[in-house]
Structures are given as C-alpha cells and as structure tokens.
Amino acid sequence: MDLVNIFIRSAFVDNMIFAFFFGMCSYLAVSKTVKTAFGLGMAVIFVLVVTIPINYLIENYVLKEGALSWLGSEFSDVNLSYLTFIMFIAVIASTVQLVEMIVEKISPALYGALGIFLPLIAVNCAILGGALFMQEKQFATIGQATVYGLGSGVGWFIAVVLIAAIRERIRYANIPGPLRGVGMAFLITGLMGLAFLGFMGFEI
Amino acid sequence: MEFLRKIFDNAHEKLNSNEKTKKFFPLIDAFDTLMFTPNHVTNKGSHIRDAIDLKRTMMLVIIALIPCLLFGIYNTGYQHFRVLDQLGDVSFWEIILKGALVVLPLVVVSYGAGLLVEFIFAIRNGHTVQEGFLVSGMLIPLCMPADVPLWMVAVATMFAVVIGKEVFGGTGMNILNVALTARAFLFFAHPTKMSGNEVWVTGFSDLKGEKYASLINSSNPQGIVDGSSGATALGDLASFMQDSPVLENTQAFQAKYSLMDSFLGFIPGSVGETSALMCLIGAGILLWTGIASWRVISSFFIGGFIMASILNFVGGNGYFELPAIHQLMLGGFMFGMVFMATDPVTAAHTNTGKFIYGFLGGFLGILIRMVNPAYPEGIMLAILIANVFAPLIDHMVIQSNINRRLKRLKTA
C-alpha cells in the first residue's frame, strides 16, 4: 500500500511536468509527434529507474553524514554530502551513455528522431531533480526509492505523450501567429496542469 | 418577419457603405444568422441539404438545457427558503422570483462577458462570430454556486474563452471544455467562493449572521437550525472522511437526502446540476436529435457505476457505503455526463475512442470524488482529465486500426 501511494504521488500528484515544470526543454522539443515522445518518455523512465536506486545506495552508503561507518568506526563522522551533485551527475551521465548506445543499436530510426535530446537527458532536470527529491524525501528502503523513480518517470512519460497527441490534433488549428509552436505548448501545458490538479491530495 | 428582415438589410447596407464600419460586419451578421437561416449558398453542385448548421446545433443544446435552468431557478429559491424555515409561508411564485433574481444575473453576466470577447476576436480576425459560445454561456452559470460574485463569473468566462478557446483558433479547436475551464479556474483561484458550505444556498452567509446568532451555543457551535446546513449533499458526504462527520452514519445521510430528492433535485448544489431528472430530459432531447453521442453517455454512466460499486464492495467507512445508484444521482455527475462530457469538440472523435473516453471520465469522476475528500465535486476535474486524454485515445485507436489493416494486407 505504501509503495502504491508513493507511485501514485510521484506519477500523478507531484508530476514532474505539471507540478514542478521539470525537464521542460526536451518535453517541449520532442513533443511534436507521439512516436518520438513515446521513445524519449521510455528512455526517461529507464534512466530514472536505473539511476535513482544507484544514487540511493551512493547517498546512504557514501555521501550522507555517518554513511561510511560500515568501513570502520573512524569514518563515522565523515560527511561527504558536498559531493552530492558531482556524484549524482556522474551516475546519470554514465547511464545516459548506456541508454544512447542501446537505442542506437536497437532502433536507429528512433535514435535519429531523438537526435541531440537523447544525450541531453543527462542534463534533463527531471532526472537530477528526481535524484535530489529522493535525497530530500529520505526513503526508508531502496524499494521505495525505485518505485519513486518509476513513478516520476511514468509521470513524465504520460505528460509528454499526452501533449504530443494534443499537438498532433491542433496541427491544423488556426492559432494566432505569435503563439504557434512553443508558445502554444506552454499554454496547453498550463491547461493540462489545471486538469491534473484533480489528482492533488489523492491517496489510497 | 418582413420587418426584422428589413432592419437587418438596412444595417448591412449602412455598415458596408463606409470603410470604417465595415469591420463591424460580424456584429450584425451574428444577430442576423441567429434569427434567420444563413443565406450562404454553395456555388457548385449541391451537397447535403440540411438546415442544421452550427447555430441550430447550439440552439438545440440550449433547448435541452432549459429544463435544468428552470429547475435551477426554482431550486435556488427553494433552498433559500428552506434554510430560512419559511417554506410553508411562501408561494410558488415567490420562490421562483427569489431564484430568478439570483440565477438570471449569472446568465446575463456570463453571456455578456463571453460574447464581448467573441465579438472583439471576430472583429480583430475579420471572421463572422462563431456560435460555440452560445452553449458555454449557458453552461457556465448552471455549474456555478448560487452565491458566486458576479465579477468572478465575468473573469472566469473571459479567461475560459480567451485561454481555453480563442488562442486555439476558436470554436471547434479547443482541447478543454470551455465551461469547465471557467469553473476549474474559479475553483482553484477563489476556493472560498466555490466550495465549502456557505456559497451553495443563496444568502446563507448573511442569514448565518442575523438569524442564527441567537441560536449559537456550545452544543450548536454553528448556530444552525436542524437539518439546514449550507453544504452540498456531497460536501456532507465527504465529511465522513473527517474525524467528526456532520451526520452519524450513511443511514442518516440517506434520510436527509433521500434517493427521490436527489433524483428530483431538491438538494443544495450548483445552480443547474442538482436535478438528475431534468438532466435526463435534456439527455433525451440531445439523443433524439442525434446531437450528443450515446456512446459517451452510456460508457460514462457505466464507468461511474462500476467505480461506485467497487467502492461499495470495498466499504470501510460511511463514505464508500452509499449505494452506487444514489451516489450517481448526487452532485454534478448527471449534468457533467449529459452536457459536458458529450461536447463533440473535446471528446474523443473516434467511435471506439468515445467508449474509452466516457468510461475514463465516469470512473475517474467517482474515484476523485470519493478518494479525495478535498474535491467532493470531482466530476468537473475528471471530465477535464478525460478531455486531456482524448487526443491520445484517438491516436491509439487510429494506430491500432492501421496496424490491423496492415496485418490483414500482409496475410492476404
């Protein structure tokens, strides 16, 4: 039940896009067609599910104050938390490299469609944001952290696929000139956020 | 008729004679086409001959809304005198008058604000006025609480028409239902005026000050006469989720808001949404004329019924134990199902998609209402969420059709 609640919270209530506006750059850039949005969304889910447990372990066994006490009592007051950003980014960057190689091997077409945004997942704020929220929330077990990563990824995935479908539908709408493209995407995101407020305070 | 025709012809002529006034053409055109069938004729060949254009469609929806409006006027007055405990002293017409004085200004303000925006956009963009607002302008007052300040209705209407519709290119392009956008905007921008237990019965907060001041004591901290709180039925129901619910148990709830009252609509709530019976009459008109989709309405109902039954089955607290059918008669469920979810623009466009879309809306509506005590009026948000999902549902349906046909092609 606890895990279900963590999942629902991270996917729908604290949605990366609609609640925090994280990962907006790739969200706006690849949401022109459902197909590419689907591909990037899956990549983000994968990266989040892999990096958050790793970062959880690093956080709890290396970085946190007293986390190194398993090495011996003389390390029990070492506090490496100033290394948080560098360590998290390193983990994320290497995972993204892995994803890039896999995607290139499995689906060259998707690789071409995603273009520069695939390596840019490394600096996608949703990924680092997920890791930092994980640190802040102080999950009790690695299972909870993984579910949190999965939920955040699914939330981002849903958001990007939904807006891609909407943008496909309004492709032939007579939108006022200055708003065409990204401007409209921002407005739609706001309206979708209004609808998604319905999930606020949701708990099972 | 001749007389009216002459006025319009005269106005057209005058406007067209001057370069400067030419751009105000849509203004006259809108009223002209409202009164007469548009006289645009196709140049080549004849296509389908049918008098039903967008304006007639909209008019039919408004006709379907009239039972809800009339009942809303009566119920607004009825609730007011019920709280005052004067139901025995006032006549039918006094009740109607009281309700009309509250409801009609809402309608006027909503139409005024919305049509003002529509006219500005029509003149700016140089097209004729689009008729889409005719229905939204009627839906907005019907889904507002009786005591909402008029300026808020105006602001919300303008927000919904500009951000919800005009930026997408006008009628037929929007992704969210305009009336619900207005309501959701107010709900989150001014929650104190859109929820809680003081806004649903007109004049309730004033009454509380004057009439109940003498009744306040330790056993009756709110100073309320038995059985007359200002909350909606769903608001009372949601209080089961709190530590100290308003009513002791579900039986007390069912005694206070009987199934019959909920069906007929003699319960507090938004102006036009309370009566399931009037919504069903509206649904009958819409289905008979073929304007609303029976797929959306039926699957919406089934979705809500299944969710409510699941919660019945799970049980747990008084909140979940209310019989499913009673649950569906409360709040905005019927109104949303008949008039909001069926909006042909924001619903899914494919036939299979309509089933999925309706089911999703009904299912989520009851889920949000029940699982989230902060939003007892969850139908509004559920339909908005379903609106957001509709393009994706359509995409999936079309994609699966394409894939199926490709497969057939390969095997053949």
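Colleague: How many salt bridges are there between domain 1 of chain B and domain 2 of chain B?

Modeller: Zero salt bridges turn up between domain 1 of chain B and domain 2 of chain B. Keep in mind that this is a predicted model. There are nine residue pairs in polar contact between those two domains, counting pairs with both residues at pLDDT 80 or more.

Colleague: And which helices of chain B supply at least two residues each to the domain 1 side?

Modeller: Those are α3 (54-84), α4 (92-125), α5 (133-142) and α7 (178-189) of chain B. The most comes from α3(B), with 16 residues on the side of domain 1 that touches domain 2.

Colleague: Back up a bit, where do the domain bounds fall in chain B?

Modeller: The assignment puts domain 1 at 2-37 + 53-193 and domain 2 at 255-401 of chain B. In the contact, 38 residues come from domain 1 of chain B and 32 residues from domain 2 of chain B. The C-alpha centres of the two domains lie 24 Å apart.

Colleague: What area is buried between domain 1 and domain 2 of chain B?

Modeller: About 2900 Å², and carbon and sulfur atoms give 77% of that. In domain 1 of chain B, the residues losing the most area to domain 2 are C68(B), F71(B) and L180(B), together 19% of what that side buries.

Colleague: What is S275(B) in contact with, beyond its sequence neighbours?

Modeller: Leaving aside residues within four places in sequence, S275(B) contacts F71(B), F263(B), L264(B) and G265(B). S275(B) is in the loop between α12 (259-264) and α13 (276-288) of chain B.

Colleague: Why does S275(B) count as buried?

Modeller: Because its relative accessibility is 1%, and buried means under 20%.

Colleague: What about chain B overall, how many helices and strands?

Modeller: Chain B has 18 helices and zero strands. Buried residues are 53% of its 412 residues. Of the chain B contacts with a separation of 6 or more, 72% join residues 24 or more positions apart. Chain B exposes about 18600 Å², with 65% of that supplied by carbon and sulfur atoms.

Colleague: Switching to the two chains, how many salt bridges cross the interface of chain A and chain B?

Modeller: The rule finds one salt bridge there. D394(B) pairs with R169(A), and the closest N and O atoms are 2.5 Å apart. Four residue pairs are in polar contact between chain A and chain B, with both residues at pLDDT 80 or more.

Colleague: Last one, is A131(A) buried or exposed?

Modeller: A131(A) counts as buried, because its relative accessibility is 1%. A131(A) is in helix α6 (residues 125-137) of chain A. Not counting residues up to four places away in sequence, A131(A) touches I52(A), N55(A) and F88(A). A131(A) and N55(A) are 76 residues apart in sequence, yet 6.7 Å apart in space, C-alpha to C-alpha.

Methods
Residues numbered from 1 in each chain as written. Chains lettered and ligands numbered in written order. Predicted model: local features only at pLDDT ≥ 70, side-chain atom pairs only at ≥ 80, totals over all residues. Heavy atoms only, no water. Helix = DSSP H or I, 4+ residues; strand = E, 2+ residues; numbered from the N terminus. Buried < 20%, exposed > 50% of the residue type's maximum accessible area, 1.4 Å probe, protein only. Contact = heavy atoms within 4.5 Å. Areas by Shrake-Rupley, 256 points an atom, 1.4 Å probe, with all protein chains shown as cover. Domains from an automatic or database assignment. Buried area = accessible area lost by both parts, 1.4 Å probe. Salt bridge = Lys/Arg side-chain N within 4 Å of Asp/Glu carboxyl O. Polar contact = N/O pair within 3.5 Å; in protein donor to acceptor, adjacent residues only side chain to side chain.
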